[in-house]
Amino acid sequence: MRRTYKRTRRLAAVLAVISLLIACKKSSVNQDSEVAFQEEFRPQFHFTPPAQWMNDPNGLVHHKGVYHLFYQHYPDSNVWGPMHWGHAISKDLVRWEHKPIALYPDQLGYIFSGSAVVDKDNRSGFGTSENPPLVAIYTYHHMAGEKAGRKDFQTQGIAYSLDNGDSWTKYDGNPVIGNKDIKDFRDPKVFWHEATHQWVLVLVAGDHVKLYRSDNLKQWNLMSEFGRDIGAHGGVWECPDLFEIGVEGSDQKKWVLLVSVNPGAPNGGSGTQYFVGDFDGTSFSTDQDAAQWIDQGRDNYAGVTYNNTPDQDRIFIGWMSNWDYAQTTPTDHWRSAMTLPRSLSLHQDSQGQFYLKNYPLEQLSVISKRIVEKKSIDISQTFTLSREHFNQTELIFDMPMSEPMRLNLGNEWGEQITLTMDPDENIMTFDRRQSGSVDFDQKFAVAIQNQTYKVADRLAEVRMIIDASSVEVFIDRGRYVFTNQIFPTEPYTELDIIGAPGASIENFKINNINSIWQNE
Ligand code: FRU
């Protein structure tokens, strides 16, 4: 059976190559995406580049009904190299259309991470008020400077587009923020601050963020700094984001600063922390003392949110990998995927503590189809469900938060993932140590991941979304999240759930999720 499956995969790959050749002949546009996306481990409903290396999401901006996703991309290899901005667009944040590369390295350096804004009033002067420009703000990384041991090799540049992102012109006054001696000086996120009528830019400088202001996106002045003595500092700070967000269930608004850090995440390697506080137009401050994390899984890094969304929704996308092993994962034609786009919401608990939830957008339902539904399932004895495969599905059910639970999903070859909830210890865990191919890198599956949680006397939703090489677990609608890559060598076919004597889970559902590439 194992061999037959492998043979089928090989045959599928050969057919994919043949159809790729036919497609290239038919069309002058050499878009692998038209026929590929069938390779082993290729995600079917998560964004991946058509080919080669990808890391951070960049320039997340909504404009004229289109969500842009730019991304760190090296088009010549499946490992990190001279960085470009790859580009894709979507109308619904579910299905993506691949676009040509937006930004290429130039004499100032590689194009590192950054953001994009709609310059509505044409303050930059790059467009007109009838056709306002899209402006990208990014980091230049001058490789020769770095190799020579200098400290001034990262500066900030801008580029603009007058055709909704199809073509870009770099500003001839680049760099717009120079650098004398800050070794890690990068990843600018820009937004319009209505209260003070100015553009605000936040970037990282090693162990802290710096905030700048501008009227025209070209001249920038330093306003303040934040973070040297607060939060997690296991590694260098990267990819900040700063935004205002309403507190659910109240009229209060707060500001949230996201900061990725590598290494130093709670379960190892790269991770994204956040601070909840206030921003007065000049500086950011917080009462929070300990770091809080977006995700306790190992594969959600460098995530940032969209500018200019229609209803001011906070929509977040992260890079679904970890620098600990990002370049060695067992894929060949392409490498890395993005998390599902997620909605961020801010909440306050009974002790006054603020926390973020992140949860997939409702729109995912346009490609999903209910295939199993059960009102209540007794889990005092192991509940087992077998299916042809679970690798393009989601499981959703409600469970009492005060009860223990253990869920295994795996195949007959002993490959499996395990999620546990232990209310006595207040700990939930996720284990991918036997999830499939794991030994491509010794840092991939070193330990069981864990996370403390607050036990409550109520039901909480458990939602697990499984693609060909990832599993995203959302507990209590995104209060506790584990995002992880997995590389099962055969599909997962068996689900087991067990709880305490007398325990049951409610509203159990399984949805199939269609491929977003099937019509490519
Ligand atoms: C984060 C990061 C950024 C940098 C980019 C380079 O993953 O290290 O700080 O701009 O990747 O590709």
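**View 1. Strand S13 and the lining of the largest pocket.** In this predicted model, strand S13 (236-246) gives the most to the lining of the largest pocket, with 6 residues. Sorted by class, the lining holds 15 nonpolar, 8 polar and 12 charged residues.

**View 2. Into the centre of the largest pocket.** The volume here comes to about 880 Å³. There are 35 lining residues, and the ones closest to the pocket's centre are Phe191, Trp192, Asn308, Gln312 and Arg314.

**View 3. The shell around the ligand.** Look around the ligand and you'll find Asn55, Asp56, Gln72, Trp80, Met83, Phe112, Ser113, Arg186, Asp187, Glu238, Tyr301 and Trp323. Split by class, that shell has 5 nonpolar, 3 polar and 4 charged residues.

**View 4. Polar side chains at the ligand's oxygen atoms.** Zoom in on arginine 186 and you'll see one of its polar side-chain atoms 2.7 Å from an oxygen atom of the ligand. Glutamate 238 has a side-chain N or O atom 2.8 Å from a ligand oxygen. For tryptophan 323, a polar side-chain atom also sits 2.8 Å from an oxygen atom of the ligand. How much of the ligand's accessible area does the protein cover? On its own the ligand has 310 Å² of it, and the protein covers 96%.

View 5. Is histidine 46 buried or exposed? Its relative accessible area is 1%, so histidine 46 counts as buried, the cut-off being under 20%. The histidine 46 side chain makes a polar contact with the side chain of glutamate 472, at 2.6 Å.

**View 6. Asparagine 507 on strand S34.** Asparagine 507 belongs to strand S34 (residues 504-513). Why is asparagine 507 called partly exposed? Because its relative accessibility is 24%, which falls between the 20% limit for buried and the 50% limit for exposed. Glutamate 461 is 46 residues away from asparagine 507 along the chain, and the C-alpha atoms of the two are separated by 9.3 Å.

Notes: Residues numbered from 1 in each chain as written. Predicted model: local features only at pLDDT ≥ 70, side-chain atom pairs only at ≥ 80, totals over all residues. Heavy atoms only, no water. 1 Å grid on protein atoms, 1.4 Å probe; cavity = no way out; pocket = protein on both sides within 12 Å on 5 of 7 lines; lining within 4 Å. Points joined across faces, edges and corners; volume = space filled by probe spheres on them. Helix = DSSP H or I, 4+ residues; strand = E, 2+ residues; numbered from the N terminus. Nonpolar A, V, L, I, M, F, W, Y, C, P; charged D, E, K, R; others polar. Near = heavy atom within 4 Å. Polar contact = N/O pair within 3.5 Å; in protein donor to acceptor, adjacent residues only side chain to side chain. Areas by Shrake-Rupley, 256 points an atom, 1.4 Å probe, with all protein chains shown as cover. Buried < 20%, exposed > 50% of the residue type's maximum accessible area, 1.4 Å probe, protein only.
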